[in-house]
Every structure is written in structure tokens, then in C-alpha cells.
Amino acid sequence: PPPAAGTKTIGLCEIESRLTAEGIAIREIELRDAVAEVEGRDAQGRKVELLLDRRSGEILSQKPDR
């Protein structure tokens, strides 16, 4: 379901700046209601897929992208 009215979610720019600060080189971001799916590379150059909560900015999961 979409975020409730009045629920603040972070946008693309903030997602990019937060992940870049953590050493993630972003290749693609897909926004889905209250979460964002992000594909990119970590600081070691490995492909990763992240699931980010758009309300808190917290990374919900991070796994290798195949």
C-alpha cells in the first residue's frame, strides 16, 4: 500500500546522498511506495541490491546482486 497521507518519505536525492556516503555506487533506483530498491556496487566493487525504507532511510536488506 502507498504511504499514508502525511507520512514523510525520502526522495531520490536523499537516497543517493545517504548511500553514496556509505560507499555505494548507485546504478539504478526503483521507488516502490514506502521502499526503494537500489542496485549498485559497494566500496569493494561488488554488485549489491539494497532494500531501503523510505520513511526512516534505514537499509532493510543488502544482498549480492547476481
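Two residues are in contact when they have heavy atoms within 4.5 Å. With that in hand, let's look at Leu52. Leaving aside its neighbours within four places in sequence, Leu52 is in contact with Ile10, Ile15, Leu19, Ala34, Val35, Ala36, Gly57, Glu58, Ile59 and Leu60.

A word on the model: this is a predicted model, where local features need pLDDT of at least 70, side-chain atom pairs count only at pLDDT 80 or more, and totals for chains, interfaces and linings use all residues. Residues are numbered from 1 along each chain as its sequence is written, and side-chain values use heavy atoms, with hydrogens and water left out.

Leu52 also belongs to the largest nonpolar core, whose nine residues are Ile10, Ile15, Leu19, Ile24, Ala36, Val38, Val48, Leu50 and Leu52. Such a core is a set of buried Ala, Val, Leu, Ile, Met, Phe, Trp, Tyr and Cys residues joined through side-chain atoms within 4.5 Å. Helix H1 (12-21), strand E2 and strand E3 (47-53) each give two or more residues to this core, and E3 provides the largest share, three residues. Helices (H or I, at least four residues) and strands (E, at least two) are DSSP runs, numbered from the N terminus.

Buried means under 20% relative accessible area, exposed over 50%, and partly exposed in between (1.4 Å probe, protein chains only).

| Residue | Relative accessibility | Class |
|---|---|---|
| Asp33 | 40% | partly exposed |
| Asp42 | 10% | buried |

Asp33 sits in the loop between strand E1 (25-32) and strand E2 (35-41), and has a positive phi of about 50 degrees although it is not a glycine. Asp42 lies in the loop between E2 and E3. Not counting residues up to four places away in sequence, Asp42 touches Gly23, Ile24 and Val48.
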